[in-house]
Amino acid sequence: MVTLAEVAQHAGVSASTVSYVLSGKRSISTTTRQRVEQSIRELGYHPNAGARALASSRSNIIALMIPLRTDMYMPVMMEISIAVATAARGYGYDILLLTGQEGPDAVRRVTGSGLADGMILMDVELDDERLPLLRATERPSVLIGLPADPSGLACVDLDWSATGALCVEHLAGLGHRDIAVIGEAPGVYERHTGFAVRTLEGLRARARELEVRALHRPCEGGYDAMASTLARIFDERPATTGFVVQNESAVEPLLALLRQQGRAVPEDVSVVAICPDQVAVQAPVRLTSVAIPAAEMGRRALERLVAKLEGRGGAEVALIAPELTLRASTGPGPV
């Protein structure tokens with residue numbers, strides 16, 4: 001391990017000068033600073049994290065709370081996490097990943113111990129139990145998600161209400177008057193997970209305005225669950241010609257079952273998906289979809305947290321506008 005003293009000797013300066021260059025606590029001439037930084041690069045010096053934290057009262061660590069739930073689509077969660085971690089390194093921060101379902105206990109541990117300078121929380125519920133603790137602490141935090149009451153909180157999210165509205169607008173514009181929403185697993189709605197509830201609310205509100213009948217059915221995903229859900233939909237609403245799917249694991253089973261029933265896509269029924277582009281373009285029929293901007297959400301949340309750590313940010317809500325991409329799965333409704 002290269003020491004600070006060795007860096008000082010290599011650069012021809014005192015150890016205190018190297019320390020000031022690293023901490024930025026004193027003004028150092030450009031020539032001297034460049035010489036020290038060159039020595040740091042050549043020797044491969046890394047400051048001791050513990051000593052640096054003691055000296056600055058900062059750990060240069062950000063805690064990221066990511067859910068590990070069987071009823072959530074983990075590739076999206078991991079894409080958000082990777083974007084957070086990549087952006088964090090650009091600002092000199094490391095990521096402490098909290099994967100347990102500890103909820104408020106994890107927030108208490110991080111805020112009380114000083115493990116991290118700030119927190120980013122995912123899997124936000126409308127009445128999330130973690131929120132009172134975040135409001136009570138001075139440690140900065142950012143939510144990737146939007147609770148029912150975002151006052152005093154910084155939030156970054158896709159505008160899920162607008163996403164639901166956009167999907168039904170598209171199908172209504174093609175002439176579909178009866179649509180079915182194949183949603184996430186029932187547990188997602190039972191927890192009042194923000195993104196799922198807000199999508200459904202936005203879709204239903206716009207459907208009423210457009211005089212479109214909308215039927216919502218949660219689905220566990222997988223072939224058997226999708227077969228049961230689809231049979232129930234056509235039993236209750238035989239005239240259904242449009243589908244909105246907010247469940248990545250239900251996409252391929254739905255398309256397979258429609259094909260088995262002799263319902264052609266998009267000639268007989270149209271399908272719009274809310275999913276990553278990769279899922280949409282790799283489906284048996286390329287799906288018209290609203291993409292989930294996972295990487296942008298992660299990057300913007302990290303940037304918002306860094307701004308708060310530097311005293312530049314406040315309690316703001318930033319919603320990303322949805323964009324619908326037309327592909328092969330939607331067409332005119334029945335005359």
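Trp160 is buried, its relative accessible area being 5%; buried denotes a value under 20%, exposed one over 50% and partly exposed anything in between, with a 1.4 Å probe and protein chains only. The model that contains this residue is predicted, so local features require pLDDT of at least 70 and side-chain atom pairs count only at pLDDT 80 or more, whereas totals for chains, interfaces and linings use all residues. Residues are numbered from 1 along each chain as its sequence is written, and side-chain values rest on heavy atoms, with hydrogens and water left out.

A search of the whole structure returns 2 aromatic pairs. Rings of Phe, Tyr and Trp (its six-membered ring) are paired if their centres lie within 6.5 Å; planes under 30 degrees apart are stacked, those over 60 edge-to-face, and the rest tilted. The pair of Trp160 and Phe195 is tilted, because the ring centres are 5.4 Å apart and the planes stand at 50°. Trp160 belongs to helix H8 (residues 160-173) and Phe195 to helix H10 (residues 194-210), so this pair ties together parts that are 35 residues apart in sequence. Helices (H or I, at least four residues) and strands (E, at least two) are DSSP runs numbered from the N terminus. Phe195 also counts as buried, at 17% relative accessibility.

The rings of Phe234 and Phe243 form an edge-to-face pair, since their centres are 5.9 Å apart and their planes at 75°. Phe234 is buried at 11% relative accessibility, and Phe243 is buried with a relative accessible area of 0%.

Val168 and Arg206 are 38 residues apart in sequence, yet their C-alpha atoms are 7.0 Å apart in space. Leaving aside residues up to four places away in sequence, Val168 touches Ile179, Leu203, Arg206, Ala207, Leu210 and Val212, where contact means heavy atoms within 4.5 Å.

The cysteines come next. The count of disulfides is 0, a disulfide being a pair of cysteine sulfur atoms within 2.5 Å. For Cys167, the nearest cysteine sulfur is that of Cys275, 9.7 Å away, which is too far for a bond. Cys167 is buried at 0% relative accessible area, and Cys275 is buried at 1%.

Helix H5 (residues 74-90) comprises 17 residues and reaches 25 Å from its first C-alpha to its last, close to the 24 Å expected at 1.5 Å a residue; the expected span is 1.5 Å times one less than the number of residues. Its buried residues include Met74, Met77, Ile80 and Val84. The buried residues of H5 pack against strand S1 (61-65), strand S2 (94-98), strand S3 (118-121), strand S4 (141-144) and helix H14 (294-309). Just after H5, Gly92 adopts a positive phi of about 85°.

For the protein as a whole, there are 14 helices and 12 strands, and the C-alpha trace spans about 85 × 40 × 35 Å along its principal axes. Of the 335 residues, 50% count as buried. Among contacts with a separation of 6 or more, 70% involve residues 24 or more positions apart.
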